[in-house]
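Biologist: I have a new model open and would like to learn how to read it. Could you take me through it, feature by feature?

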Amino acid sequence: MNTDSDFEIFMVATPGLESVLCAEAQARGFTNPTPVKGGVTVAGGWPEVWRANLEMRGATRILARVASFRAFHLAQLDKRARRVPWADFLRADVPVRVEVSCKGSRIYHAGAAAQRIQRAIAEELGAPIIREAPEAGEPGVSIKARIDDDLCTISVDSSGESLHKRNHKEAVHKAPMRETLASLFLRHCGYDGREPVPVVDPMCGSGTFPIEAAEIAAGLKPGRSRSFAFEQLAGFDPAVWQGLRAAGTVTEPAVRFYGSDRDAGAIAMSRANAERAGVSVWTDFRQHSVSDLVAPEGPPGLVIVNPPYGARLGTDRKALVPLYHALGQTLKQGFAGWRVAVITNEPSLAQATELPFGEGGVSVSNGGLRVTLHLTGALG
């Protein structure tokens with residue numbers, strides 16, 4: 001594998017938050033980050049692919065775009081797929097899976113296209129082909145081919161399992177927020193860990209927001225505890241990889257990060273997850289109701305909360321109105337100077353808080369539900 005030549009790297013984003021992921025890529029020093037539909041492109045080589053997997057908090061996965069060519073029919077796809085230098089990045093002893101999507105192209109049968117690319121890899125490289133996704137921990141690399149307007153783009157899925165799986169959250173509460181989405185929401189709210197800003201989540205579930213905020217403030221790398229598909233690619237250099245993992249320093253955050261929940265099981269989960277993530281000393285989780293919430297001592301910061309909403313937990317929406325109202329009253333009375341972010345799929349529930357949210361609010365899909373993050377300025 002030639003680690004010197006640059007190619008396009010595609011960082012997959014939660015649709016609707018591409019610009020937020022782009023800001024993160026820029027802050028982390030990647031070359032020419034550009035927001036596009038569904039993600040962010042940057043330029044780089046394999047070391048940048050490895051670093052993106054290790055450091056990017058908001059990306060769902062990292063794709064290395066290793067080849068592209070025009071293909072107007074299956075025979076042409078077969079011929080040109082054989083010219084791709086597969087041995088530059090694939091190993092003959094590692095199984096390969098091929099996924100194809102077709103859009104607006106003369107080649108429209110994704111299954112037939114996948115067969116041609118699979119055959120090219122098997123016959124030119126000799127690698128075994130797998131028809132199903134590799135199980136967690138099993139060897140296997142995925143090749144993703146997109147045929148769009150007759151242009152075939154070949155990408156290597158360098159991540160393997162989705163990047164929200166960081167190997168810290170063993171305990172999960174009902175309807176959890178994925179870490180990748182939580183980090184993008186925090187950045188959208190202006191939180192990047194550089195300023196001493198405390199974060200409070202009064203319905204913390206399994207602790208995702210306080211743990212994520214603490215990791216960001218401490219400078220911990222999100223991929224530090226897991227393995228990646230790129231470790232099975234040709235030319236992977238363990239020494240360079242270990243150097244990347246060891247680079248940087250952990251900073252003692254100047255503030256703490258707080259979670260509370262009325263469910264004792266949720267608090268036990270949060271504490272266990274914080275311990276596994278190595279941030280328990282900087283986080284504080286307590287069991288109590290929303291109406292008993294008080295602002296921690298110190299500077300005002302950010303309250304961010306993903307409360308229950310009807311479609312998420314199978315609850316009657318009207319039954320949740322008092323909870324949202326209590327949340328709003330508690331924050332208005334006790335959190336002067338703090339900003340508040342509330343995530344919900346029901347505008348009426350956000351309105352029930354009576355908090356002064358700004359216009360609009362970013363809207364994304366979370367677990368198949370359309371949710372909106374509503375954000376206030378500093379409360380009076």
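Modeller: Let's begin with angles between elements: an axis is a line fitted to C-alpha atoms, for a helix over the stretch in contact, and the angle between two N-to-C directions runs from 0 to 180 degrees. Contact, for its part, means heavy atoms within 4.5 Å. Please keep in mind that this is a predicted model.

Biologist: Which strands does helix 3 lie across, and at what angle does it run to strand 4?

Modeller: Helix 3 lies across strand 4, strand 6 and strand 7, and its direction is at about 120° to that of strand 4. Helix 4 packs on the sheet too, where it touches strand 5, strand 6 and strand 7. The direction of helix 4 makes about 140° with that of strand 5.

Biologist: Which residues of helix 3 are buried?

Modeller: Here is the general idea: an α-helix has 3.6 residues a turn, so residues three or four places apart point the same way. In helix 3, the buried residues include Q76, L77, D78 and A81. The partners that the buried residues of helix 3 pack against are strand 4, helix 4, strand 6 and strand 7.

Biologist: Now the sheet itself. What is the order of its strands?

Modeller: Strands of a sheet pair through backbone hydrogen bonds, either parallel or antiparallel. In this case seven strands form an open sheet with mixed pairing, in the order 2-3-1-4-7-6-5. Strand 2 (31–36) and strand 5 are the edge strands, each pairing on one side only. From one strand to the next, the twist averages 25°.

Biologist: How many bridges join strand 4 to strand 7, and do the two run parallel or antiparallel?

Modeller: Strand 4 and strand 7 run antiparallel and are joined by seven bridges.

Biologist: On to charges. How many salt bridges does the structure hold?

Modeller: Side chains of opposite charge can pair when their charged atoms come close. The structure holds 21 salt bridges.

Biologist: Which residue forms a salt bridge with E124?

Modeller: That is R82, with the closest N and O atoms 3.1 Å apart. Here helix 4 (residues 110–124), which holds E124, is linked to helix 3 (residues 74–82), which holds R82, and the two residues are 42 residues apart. E124 has a relative accessible area of 45%, so it counts as partly exposed. R82 is partly exposed as well, at 23%.

Biologist: And D150: is it buried or exposed?

Modeller: D150 is buried, because its relative accessible area is 7%, and the cut-off for buried is under 20%. Its salt-bridge partner is R106, the closest N and O atoms being 3.1 Å apart. R106 is exposed, with a relative accessible area of 57%. Salt bridges can also share partners, and in this way R57, R166, E212, E215 and R224 are joined into one network.

Biologist: What about the nonpolar core: how many residues does the largest one have?

Modeller: The largest nonpolar core has 111 residues, and those with the most contacts inside it are M11, W86, F185 and I304. Helix 6 (residues 208–218) supplies the largest share of this core, seven residues. If you click on M11, you will find that the residues it touches include L21, F30, V40, M56 and I62.

Biologist: Last topic: cysteines. How many disulfides are there?

Modeller: The count comes to zero disulfides, taking a disulfide as a pair of cysteine sulfur atoms within 2.5 Å. For C22, the nearest cysteine sulfur is that of C189, 18 Å away. C22 counts as buried because its relative accessibility is 9%. For C152, the nearest cysteine sulfur belongs to C102 and is 8.5 Å away. C152 is buried, with a relative accessible area of 0%.

Definitions and conventions
Residues numbered from 1 in each chain as written. Predicted model: local features only at pLDDT ≥ 70, side-chain atom pairs only at ≥ 80, totals over all residues. Heavy atoms only, no water. Core = buried A, V, L, I, M, F, W, Y, C linked by side-chain atoms within 4.5 Å. Buried < 20%, exposed > 50% of the residue type's maximum accessible area, 1.4 Å probe, protein only. Helix = DSSP H or I, 4+ residues; strand = E, 2+ residues; numbered from the N terminus. Salt bridge = Lys/Arg side-chain N within 4 Å of Asp/Glu carboxyl O. Pairing = 2+ DSSP bridges.
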